Structure formats: structure tokens, C-alpha cells
Amino acid sequence: MTRVGVVGASGYTGGELLRILATHPEVEVSYATSREYAGKPLTAIHPHFRGFFEKLKFSQLSLDTLASQCDLVFVNTPHGVSSSLVPKILDMGLKVIDLSADFRLKNPADYRVWYDMEHPAPDLLAKAVYGLPELHREEIRTAQLVACPGCNSTAALIALLPAVESRIIELERISVDVKVGSSEAGIKASLGTHHPERANVIRPYDVTGHRHVAEIEQELQALAGRKIAVGMVPHAVGSVRGALATVHAWLSGDGVDEQEVWRIYARRYGREPFVRIVRGAPFRYPDPKYVLGSNFADVGFGVESRIGRVALMAAIDNLMKGAAGQAVQCMNLVLGLDETTGLRYPPLRPA
Ligand SMILES: NC(=O)c1ccc[n+]([C@@H]2O[C@H](COP(=O)([O-])OP(=O)(O)OC[C@H]3O[C@@H](n4cnc5c(N)ncnc54)[C@H](OP(=O)(O)O)[C@@H]3O)[C@@H](O)[C@H]2O)c1
């Protein structure tokens with residue numbers, strides 16, 4: 001059994017990781033940290049774990065204990081915190097899967113621009129592997145540090161990868177619209193996220209320059225070998241979980257019809273264990289409602305030949321394929337396990 005630590009285990013992604021790892025056959029959770037709940041059982045903040053993890057309590061983070069009790073560590077802290085913690089954990093010889101934004105960008109100058117601070121460990125940016133298995137599977141297998149993508153970025157990239165790889169769309173102006181549920185904002189309430197303000201909203205935010213644009217452009221540019229411009233408008237919506245990315249793009253030539261897009265997506269994703277193409281009854285397009293609680297990304301598209309436009313969509317559960325599920329998928333690869341271990345179950349319905 002691999003011994004796994006969860007740093008930042010009292011939040012939503014930490015809780016979702018623990019939920020998956022509770023029944024994962026190849027790992028055991030040996031350490032879970034929280035400053036606020038140290039010394040208390042996991043049920044103090046995660047009531048759904050009654051009957052699970054009965055011997056485990058939250059601990060204050062101690063690097064010495066981490067080194068002696070863990071082989072691999074998930075880090076679920078806010079950006080700016082991960083960047084100072086992760087180098088110390090790596091120095092102790094542990095493998096790290098970081099869910100924050102701190103190691104996603106390759107270029108320290110980009111980190112400075114998008115995150116308004118100097119990166120404290122710029123040398124690690126080149127070594128970190130962007131944790132999207134559909135794009136970097138082989139590199140993830142040998143990574144010491146995996147930087148898991150953001151949830152909006154995961155949905156946008158999965159919607160876009162086949163279209164960009166096959167160059168069926170214009171790369172100069174890609175527009176992404178994301179709707180995302182409230183759990184994206186983490187467990188602590190703020191004016192914008194507590195229930196009376198957040199319930200039933202369809203609220204655009206960061207409509208120019210959302211930080212996830214940086215990693216989407218980085219990954220698409222590496223794929224296409226040229227500059228790509230992406231605009232993104234995220235919307236906070238009333239659901240708790242789920243993210244839907246709808247990409248508006250323009251076909252780069254005539255003659256690409258829906259059948260051709262289908263062939264391209266089916267070829268690209270046919271062997272991906274967690275990507276499903278949606279086409280047909282009862283619902284024609286991806287909907288986060290039908291991936292909730294699972295690691296699946298549902299992908300779909302529509303072509304409007306009259307004006308040469310294509311709509312590309314991907315629906316995920318932001319806490320699963322957008323965070324903890326994808327992190328476990330990466331962990332499986334790092335540990336040389338079947339990628340689907342502990343993750344192969346259908347979504348909840350109704351939810
Ligand atoms: N929510 C999502 O859908 C989502 C998706 C993808 C990626 N992410 C990223 O994943 C990370 C965690 O997100 P989340 O939604 O789980 O946030 P969260 O619910 O706010 O949880 C944050 C966790 O980090 C701990 N923490 C905060 N500051 C800390 C510090 N200075 N030192 C040590 N521990 C600290 C908190 O525990 P204590 O305060 O008790 O110590 C808590 O366990 C963030 O970087 C986020 O951007 C989130």
C-alpha cells in the first residue's frame with residue numbers, strides 16, 4: 001500500500017480526495033492536515049465520512065511527520081501557499097500532486113503577470129508536469145511534481161483539444177464561456193459565495209483576463225506550435241457542483257460538417273477512459289448534471305455551416321475531473337497503476 005498524505009484536507013477538494021481514496025484499493029490515507037481542525041476527527045468538517053477513516057484525525061502540518069508517514073502527498077492549499085510548501089516536500093523525496101495554480105504555468109514571467117507575485121521556486125516550473133492525462137499521460141507517469149489543471153481549464157481544454165490538434169478551427173480568436181457551481185470557490189463563505197447571494201445566480205465574473213486563460217493558452221500553444229488567443233467568460237451559477245465549458249469557434253475552412261467533427265472527436269477520445277462523446281437522445285448536448293460525482297468529462301459539439309461556426313462543449317464535475325478525480329487519475333499514473341483504479345463508477349442520478 002502506498003501511504004498518501006492530504007495537505008489541506010478540510011476543504012472541498014481535500015474532502016473529495018478523501019472520498020475517492022476511502023475505497024481506493026492501492027493506497028491508504030496516512031496523514032490529513034488542517035490548521036483549524038487539528039486534533040479533531042475528519043467528521044468534524046466532513047460529516048459524510050461517518051464510519052470511514054475512524055483512526056485518522058486532522059493534524060497540524062509538520063514536514064517531519066509528512067516525511068515519515070507518507071510516500072506521496074496531495075496539496076490542496078490556495079495558490080501562493082502551495083508554492084512555498086511544495087519545494088520543501090519535494091526536497092524530502094516525496095512525490096507531490098498539487099491542485100493549486102502555483103505550478104501550472106511554465107514561464108515565471110507569466111506567473112508574475114497572472115498571479116501578481118514572484119514565484120518563489122521558478123526552477124520547479126519547468127519540472128512540473130501539467131496534470132491533464134489526455135494531453136500529458138506519458139510525462140505524468142514519471143513526474144515528481146504534477147500540477148493539476150483548474151476546473152474551468154480542464155473543461156475548456158477537453159472541449160478544444162481535438163479541434164486544435166486537427167486545425168479545423170481558427171486559432172486567432174477562440175471564445176470560451178464557462179458556467180460553474182459554487183463549490184469552485186472553496187469551503188469558506190464570502191459575500192459573493194454565501195447562500196443568499198449565490199443561490200440561483202447566473203453571474204459573470206472576471207470577464208476579461210480570468211487567470212485560467214493563461215494555462216489554456218499555454219497548453220494549446222504548445223499543441224499547435226503557434227500563438228493562440230483565448231478569451232473566457234466564467235459564470236457563477238446556482239448549482240453546487242459542475243462546470244460546463246462552451247467554446248465558440250470559427251471553422252478554418254469549408255467542408256467541415258458535423259460528421260467530420262464527430263470522426264475527429266471519436267478518433268481522439270475513443271480510447272480515453274474518462275471522456276465520453278454525447279450525441280443523441282435523450283439530451284443532445286453535455287450537461288454537468290449527468291457527470292456529477294464521477295470523473296467523466298462529457299463532450300459534444302454542433303456545427304452551424306451557414307456561418308462557419310462550431311460550438312464545442314465539455315461538462316465535468318469541478319470537484320472530480322476538475323480537481324480531485326483528475327488528481328487521483330494522475331496519482332494512478334505516477335504509481336504505475338491502471339489509470340482508472342478507484343475511479344471507474346457512473347455518475348449520480350438524479351442529483
Ligand atoms: N474547488 C474547486 O472546484 C477547485 C478545482 C480545481 C482546483 N482547485 C484549487 O485547489 C485548491 C484547494 O481548493 P478548495 O476548493 O479545496 O479550497 P478550500 O475549500 O478553501 O480548502 C483549502 C484548504 O487549504 C487549507 N489551507 C488554507 N490556507 C492554508 C495555509 N496557509 N497553510 C496550510 N493549509 C492551508 C485549508 O485548511 P485549514 O484552513 O483548516 O488549514 C483547507 O483545508 C486551491 O488552490 C484551488 O484553487 C479548486
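The structure is a predicted model, and the secondary structure of its protein chain comes to 11 helices and 14 strands. With a radius of gyration of 20 Å, close to the 20 Å that the globule rule gives for 351 residues, the chain is as compact as a globular protein of that length.

**Overall dimensions and contacts**
- Taken along the principal axes, the box filled by the C-alpha atoms of the protein chain is roughly 65 × 45 × 40 Å.
- Of the 351 residues in the chain, 47% count as buried.
- Among contacts between residues at least 6 apart in sequence, 71% join residues at least 24 apart.

**The sheet**
- Seven strands make up an open sheet with parallel pairing, in the order β3-β2-β1-β4-β5-β7-β6, and its edge strands, β3 (58-59) and β6 (129-130), each pair on one side only.
- Strand β2 (residues 27-33) runs parallel to β3 and is joined to it by two bridges, with Ala 32 standing opposite Phe 58 in β3.
- Helix α11 (residues 320-334) packs on this sheet, where it touches β4 (72-75), β5 (95-98) and β7 (145-147), and its direction makes about 160 degrees with that of β5.

**The helix pair α7 and α10**
- The axes of helix α7 (residues 151-165) and helix α10 (residues 258-269) come within 9 Å and cross at roughly 110 degrees, and the two helices are therefore roughly perpendicular to each other.
- Leu 161, Pro 162 and Glu 165 of α7 make the contact with Ile 264, Tyr 265, Arg 268 and Tyr 269 of α10, and these residues divide into five nonpolar, no polar and two charged.

Key: Residues are numbered from 1 along each chain as its sequence is written. This is a predicted model: local features need pLDDT of at least 70, side-chain atom pairs count only at pLDDT 80 or more; totals for chains, interfaces and linings use all residues. Two strands pair if DSSP finds at least two bridges between them. Helices (H or I, at least four residues) and strands (E, at least two) are DSSP runs, numbered from the N terminus. Two residues are in contact if their C-beta atoms, placed from the backbone, lie within 7 Å. Axes are lines fitted to C-alpha atoms, for helices over the stretch in contact, and angles run from 0 to 180 degrees between N-to-C directions. Angles under 35 degrees count as roughly parallel, over 145 as roughly antiparallel, 65 to 115 as roughly perpendicular and the rest as oblique. Ala, Val, Leu, Ile, Met, Phe, Trp, Tyr, Cys and Pro count as nonpolar, Asp, Glu, Lys and Arg as charged, and the others, Gly among them, as polar. The radius of gyration is taken over C-alpha atoms; the globule rule is 2.2 Å times the number of residues to the power 0.38. A residue is buried if 20 or more other C-beta atoms lie within 10 Å of its own, exposed if 12 or fewer, and partly exposed in between; C-beta atoms are placed from the backbone.
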